Amino acid sequence: MRFCIFSDVHGNLEALGAVLEDLAKRDSDATKVFLGDAVGYGPNPNECVARIRQEAHICLLGNHDQAAVSDIDISNFNPYAKHAIVWTRNSLTTETKEFLRDLPYRVDHERCTFVHSTPCQPERWHYLFTMHDAVTNFTCFRTQICFVGHSHQPLCIVQPVEGRPRVESGPVIKIEPDCRYIINDGSVGQPRDGDANAAYALFDTESGQVEIRRVRYDYSLTQQKMEEAGLHRYLIQRLQFGH
Ligand code: ZN
């Protein structure tokens, strides 16, 4: 079985289109899992939700999705994110809002757990930054691999049977039967690891490999649309630097 795991599209239709095109060329039968944050930051939230809804077999809720369709407190969002959420709230159709509102925080499926933020308290939207966070989070799921999004930075943490977890680098990760994994698939629509190309993950359960793929897309078109929509300059510029 093959899975395509993608997340953090953030209303960027050009990046989403490029990722789905890359996937169709490589593996059109993969089960598509979307880890949340369809909207927020980008200029095409309704179009992105419609496309994700049509393509993905499993869809999860992200913190930006939740903030865009509810009146939860967004005081902990940075000023740019806050402004974008207000813009997004005013742009979403009723249909988009209804779809986002019903999405789950976490889904366990065969060997995998899928969640936007962290397997521990997914509704609190914690970030997984330190090894201490990783140790705690390995206790909050029972499957072999937990795929997460949220930080917009691809990352793989391996927990061997004995010993401390460690970070594994490289675009291809070999899944060993006696290890457990937390894998961040990066971001489709707003990468923050210094690479402007859209990121997503492919997991082939037979070969036991997870590949983090990077896909070029025309961010200048997204930037132009953001400018026309009156979105903040900082959000527009960061797309070309991937930070
Ligand atoms: Zn996000």
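Me: At what relative accessibility does H10 stand, and is H10 buried or exposed?
Reply: This is a predicted model, and the values below are computed from it. The relative accessibility of H10 is 1%, and a residue counts as buried when that value is under 20%. H10 is therefore buried.

Me: Which residues are the protein donors of the zinc ion?
Reply: The donors lie 2.1 to 2.3 Å from the zinc ion, and along the chain they follow the spacing D-x1-H-x26-D-x114-H. Two of them give an NE2 atom, H10 and H152, while the aspartates give an OD atom. The protein donors are D8, H10, D37 and H152.

Me: Is the site of the zinc ion tetrahedral, square planar or irregular?
Reply: The angles among the four donor atoms run from 87 to 178°.

Me: Which element gives the most residues to the lining of the largest cavity?
Reply: There are three cavities of 30 Å³ or more, and the largest has a volume of about 50 Å³. Its lining includes L155 and I157, as well as I182, I183 and N184, and both β7 and β10 (180-184) supply at least two lining residues. The element that gives the most, with three residues, is β10.

Me: How many charged residues does the lining of the largest cavity have?
Reply: The residues lining the largest cavity are L128, V148, S151, L155, I157, I182, I183 and N184. By class, six of them are nonpolar and two are polar. The number of charged residues in this lining is none.

Me: Which elements give two or more residues to the lining of the second largest cavity?
Reply: The second largest cavity holds about 50 Å³ of space, and its lining divides into four nonpolar, six polar and no charged residues. The zinc donor H10 is among the lining residues, together with others including Y41, T222, M226, L235 and L239. The elements that give two or more residues are α7 (219-229) and α8 (233-241).

Definitions and conventions. Residues numbered from 1 in each chain as written. Predicted model: local features only at pLDDT ≥ 70, side-chain atom pairs only at ≥ 80, totals over all residues. Heavy atoms only, no water. Donors = N, O, S within 2.8 Å, 3.2 Å for Na, K, Ca; no water. Tetrahedral: all angles 85-135°; square planar, octahedral: opposite > 155°, others 65-115°. Buried < 20%, exposed > 50% of the residue type's maximum accessible area, 1.4 Å probe, protein only. 1 Å grid on protein atoms, 1.4 Å probe; cavity = no way out; pocket = protein on both sides within 12 Å on 5 of 7 lines; lining within 4 Å. Points joined across faces, edges and corners; volume = space filled by probe spheres on them. Helix = DSSP H or I, 4+ residues; strand = E, 2+ residues; numbered from the N terminus. Nonpolar A, V, L, I, M, F, W, Y, C, P; charged D, E, K, R; others polar.
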